[in-house]
Amino acid sequence: MRLIQNMSTIAEFATPECPSNRTIKIAVIGGSGVGKTALVVRFLTRRFIGDYERNAGNLYSREVQVDGEQAAIQVQDTPGVDVTCNGLSLPDHVTCSIQWADAVVLVYSVTDRHSFDLIGQLHQLVARAGGVNVPPVILLANKADLLHMRRVDAEQGPLLAAVLGCSFCEVSASEDYNQVHGAFHRLCCHMAKQQPQASLSSHTTTGAAEKKGRSPLIPRPKSPNMQDLKRRFKQALSAKVRTVTSV
């Protein structure tokens, strides 16, 4: 992927000469047009650019401070996922990105109901592709500033995250850097606590070490089937509606 404007502050390849002994790998996954690239660029550079060429999937790397120590953050921006009559239409390296990552960020746009409906299937994909080393997941709802275009109610994101067993944050890549930075930075801090004295990029540790290393603050993805997922989400939404009605 090439950005429309020159973003030379972002390295488009991993930097092997990086002095840090920590590397935190994050894969960002979601439907087309939800703002994945804008979120990544906002987090790494503080800048917002609203116009990009088609996302071909790119690896970004930058040194940041995590809990007072230098860490190399590698963020894999992935092409948009869509649904066809045969199921999910996945670019080839999305599954590889999940297996490569220490953590996964699932993104939908509050202005695009279809992108929200994709999340359950993407969550299942993460659970399957991760195998025994399923990476932690957070759910981000982007474009929160576009109130007049909202198609996903504000309470539905937290409800879905609760059903999936993952963390949630509603953000605006265009309007609020602090929201975006906070979501990614909290994820990095949680991951850094897993292996304080070693690189986070290694997936060759023993099963016991992996189990011990996973942060309890960002749960592993569950793997419900889609019917069960829809049922639990409707139950949670109905309970929310009943509560509001009773008030």
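1. Val 107 stands opposite Leu 140 in strand β7. The model in which this pair occurs is a predicted one. Leu 140 also stands opposite Cys 169 in β8. A further pair at β7 is Val 105, which stands opposite Ile 138.

2. These pairs belong to two strand pairings. Strand β6 (residues 103–109) and strand β7 (residues 137–142) run parallel and share 6 bridges. The pairing of β7 with β8 is parallel too, over 4 bridges. Strands of a sheet pair through backbone hydrogen bonds, in either a parallel or an antiparallel sense.

3. Is β7 mostly covered or mostly open? Strand β7 is mostly covered, with 6 of its 6 residues buried. Val 137, Leu 139 and Ala 141 point to one side of β7, while Ile 138, Leu 140 and Asn 142 point to the other, and all are buried. In a regular strand, side chains alternate between the two faces of the sheet.

4. Helix α2 (residues 93–100) packs with α4 (residues 119–130) at an angle of about 65°, and their axes are 9 Å apart. The crossing of α2 and α4 is right-handed. On the α2 side the residues are Val 94, Thr 95, Ile 98 and Gln 99, which meet Leu 125, Val 126, Ala 129 and Gly 130 in α4. By type, the residues of this contact are 5 nonpolar and 3 polar, with no charged residue.

5. Which residues other than glycine have a positive phi? Arg 46 is one of them, with phi near 70°. Arg 46 is found in the loop between α1 (36–45) and β2, and is exposed, with a relative accessible area of 55%. Lys 143 also has a positive phi, near 70°. The loop that holds Lys 143 lies between β7 and α5 (156–164). Lys 143 is partly exposed, at a relative accessible area of 23%.

6. Some totals for the chain follow. Its secondary structure comes to 8 helices and 8 strands. The chain has 247 residues, and 50% of them count as buried. Among contacts in the chain with a separation of 6 or more, 75% are between residues 24 or more positions apart. The chain exposes about 11,800 Å², of which carbon and sulfur atoms supply 52%.

Definitions and conventions. Residues are numbered from 1 along each chain as its sequence is written. This is a predicted model: local features need pLDDT of at least 70, side-chain atom pairs count only at pLDDT 80 or more; totals for chains, interfaces and linings use all residues. Side-chain values use heavy atoms; hydrogens and water are left out. Buried means under 20% relative accessible area, exposed over 50%, partly exposed in between (1.4 Å probe, protein chains only). Contact means heavy atoms within 4.5 Å. Accessible areas come from the Shrake-Rupley method with a 1.4 Å probe; for residues, only the protein chains shown count as cover. Axes are lines fitted to C-alpha atoms, for helices over the stretch in contact, and angles run from 0 to 180 degrees between N-to-C directions. A crossing is left-handed if the near helix is turned anticlockwise from the far one by less than a right angle, and right-handed if clockwise. Ala, Val, Leu, Ile, Met, Phe, Trp, Tyr, Cys and Pro count as nonpolar, Asp, Glu, Lys and Arg as charged, and the others, Gly among them, as polar. Two strands pair if DSSP finds at least two bridges between them.
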